[in-house]
Amino acid sequence: MTTTTISLSGNPKRHRRERVVKRIFWASAAVSVLISAAIVMSLIGRATTFFVEVDKSSLVDIGWFPRRGLYDLLTPLAGTVVVSLLAMFVAVPLGLGAAIYLSEFARPRVRRFLKPILEVLAGIPSVVIGFFALTWLSPNLVQRVFDSAGIFSMLAASIGVGILITPLIASVSEDALRAVPTSLREAAFGLGAKRSETVRKVVFPAAISGIVASMILGLSRAIGETMVMFMVGGAVGGGIRELNPLRPGTTMTAAIASVATGSDQVVGEGLTFESVFALGFLLFVFTLVLNTVSDRFVRRARERY
Amino acid sequence: MASRANPVDTATVVREALIGKKAGLRGMAFELAMLTLLLASLLVLVLLLADIIGGALPTFRSRGLDFVTSSLSLNPDTAGVATGIIGSFGISAIVALVAFPIGIGAAIYLEEYATDSAATRFISTNIRNLAGVPSIVYGLLGLALFVRVVDLVGLGGQTSGKNVLAAGLTLAVLVLPIVIITASEAIRAVPGSIREAGFGVGATQWEVIRHHVLPSAAPGILTGTVLTLARAFGETAPLIVIGVATGFFGAAANASMFDTVTGPYTALPVVVFSWSRQSVGEFADTLAPAAIVVLLFVLFIANTTAIVLRNRYDKRW
């Protein structure tokens, strides 16, 4: 009689395959870190070159004309502030109203019908919203209300950007409202509160973290949005510092895009090429800060219940 | 005391208050205001579609499918979107080939292998942050990196790297974080008992993933990837930065395969953009909305596919 010993360590080929597979997946996850590093490095190098070599007096000038050596950073910054704030004036009431109605008032069947429509709006590419802002919003809304507005204005672009971020604000704040436990609503009803009182005094305050997060996220998206402003904002190629929303203006994103669409594309005089990366770097930092803050708020909301 | 003098009133007040739903005038006004805001956002969609379809109708009525199959042209009577469609599908193919394997692989690592360590948390935070980076910044990355890499490896062609390959890589990187996030969610939805059953019969980790986790998560992953492709299909800004052709170009009649792939290109949303800023009225007035209709049609098909896939294969545990 011979005794056979069975190896419990298993097939070595199988073990090797396990290790190889795991390493492949690890490498794919590491790619995302590489991409971040690549973004930061590609931006920071040229942005530094720009800030070191630029004639400092041209950083504060009458306007942003990179091809002529005028790099007034306040011009695209002012445009971005004006457009994104006005866009918030459009998107916050619309998005929040839609979220409150869908979450607190709509019957399930109505909600199942209306919510997908809002999602369709979310899926519309920004170039299409830009076209709509140019061909409909600007002549039929902005120009009709304000005689002094031209076909290209920051206001028309703001409304377009507002439409673009409305579904985002609506969906994130609806999630926040729905995350409020039903027991809180029932407690309010039990105390004799009406539905609208419950919404305003109980549900809304309880969901405030998530609602603030949705607004910050919307603001971040508005700052990073390019096509609407580029198509309707006017000021292609450069512009004078402008705070009046009825006049054309340029944002950081539109300034980057318009340097790229010049006849010579992104090769201009002197530091034109680098200036675009300086703007991109600022844009990257702004949105990163906003997204991190928004993330904080979402997490705080999640921890509460 | 008013309430004691009129007990019937008190009962009514208490009953009304306890029902809760019964809204007073202010309550009704509030509900109405919220509904108005919701309907206003939906009205925007209706206006948008009406504006675009109204503008597009003449083109489709007079040209029909000819508009879809014709190439770019300087003559508004013969210009079509075929060049843009080909470019967009070329870019999407590269996005699918590059972003999906890496994205799904990363999701598998994060959900199935990674332990809750500082490194893992760093990678997850990093992915969330990448998803929030504006698309035009990815364009700058593409310009600084992919256009050069494509040119360096000899695939630059006559555009010295400003071609479909660089565009595909740029958009692949742009959607990668979204692919990872949606694939992770789909994998996370597979219950742990499925994995434990696999381990229990002696399967290795990879075998459990390959034969149990991935098949169960496939519908969710597929839905997510289709939606991601739709997102990439509509992107315009990063392409503009990395030198997509925003004007007219024509392919030489005897161009080789290499020249066509590495030559100038355009994409459907870019065609919309460049036509809407043309000075010849017809391009902006009737051709651009017609191109938008084609673009929205493609996105509609993609979204419907995703919904059908989700409904057909969605598993409830």
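Predicted model: local features only at pLDDT ≥ 70, side-chain atom pairs only at ≥ 80, totals over all residues.
**View 1. Helix α5 of chain B packs against helix α8 of chain B.** Here we look at residues 82–113, which form α5(B), together with residues 164–188, which form α8(B). The two axes lie 6 Å apart, and the packing angle is about 35°. Follow one helix past the other and you will find a right-handed crossing. As for the residues that make up this contact, 24 are nonpolar, four are polar and three are charged.

**View 2. Helix α3 of chain A crosses helix α5 of chain A.** This view turns to chain A, with α3(A) spanning residues 108–122 and α5(A) spanning residues 154–178. Their axes come within 8 Å and cross at roughly 140°, which makes α3(A) oblique to α5(A). The crossing of this pair is left-handed. On the α3(A) side, look for Arg111(A), Lys115(A), Leu118(A), Leu121(A) and Ala122(A). Facing them from α5(A) are Ile163(A), Pro167(A), Ala170(A), Glu174(A) and Arg178(A).

**View 3. Chain B meets chain A.** Now we step over to the interface, where chain B contributes 79 residues and chain A contributes 78 residues. The size of an interface is often given as the accessible area lost when the parts come together. Between chain B and chain A, the buried area is about 6700 Å², and carbon and sulfur atoms give 75% of that area.

**View 4. A salt bridge links Arg128(B) and Asp295(A).** Side chains of opposite charge can pair when their charged atoms come close. In this view, the side chains of Arg128(B) and Asp295(A) meet with an N to O distance of 3.0 Å. Three salt bridges are found across the interface of chain B and chain A, while the count over all chains comes to 15 salt bridges. Arg128(B) sits in helix α6 of chain B (residues 118–131) and Asp295(A) in helix α11 of chain A (residues 272–304), so this pair joins two chains.

Terms used: Residues numbered from 1 in each chain as written. Chains lettered and ligands numbered in written order. Heavy atoms only, no water. Axes fitted to C-alpha atoms, helices over the stretch in contact; angles between N-to-C directions. Helix = DSSP H or I, 4+ residues; strand = E, 2+ residues; numbered from the N terminus. Left-handed = near helix turned anticlockwise from the far one by under 90°. Nonpolar A, V, L, I, M, F, W, Y, C, P; charged D, E, K, R; others polar. Parallel < 35°, antiparallel > 145°, perpendicular 65-115°, else oblique. Contact = heavy atoms within 4.5 Å. Buried area = accessible area lost by both parts, 1.4 Å probe. Salt bridge = Lys/Arg side-chain N within 4 Å of Asp/Glu carboxyl O.
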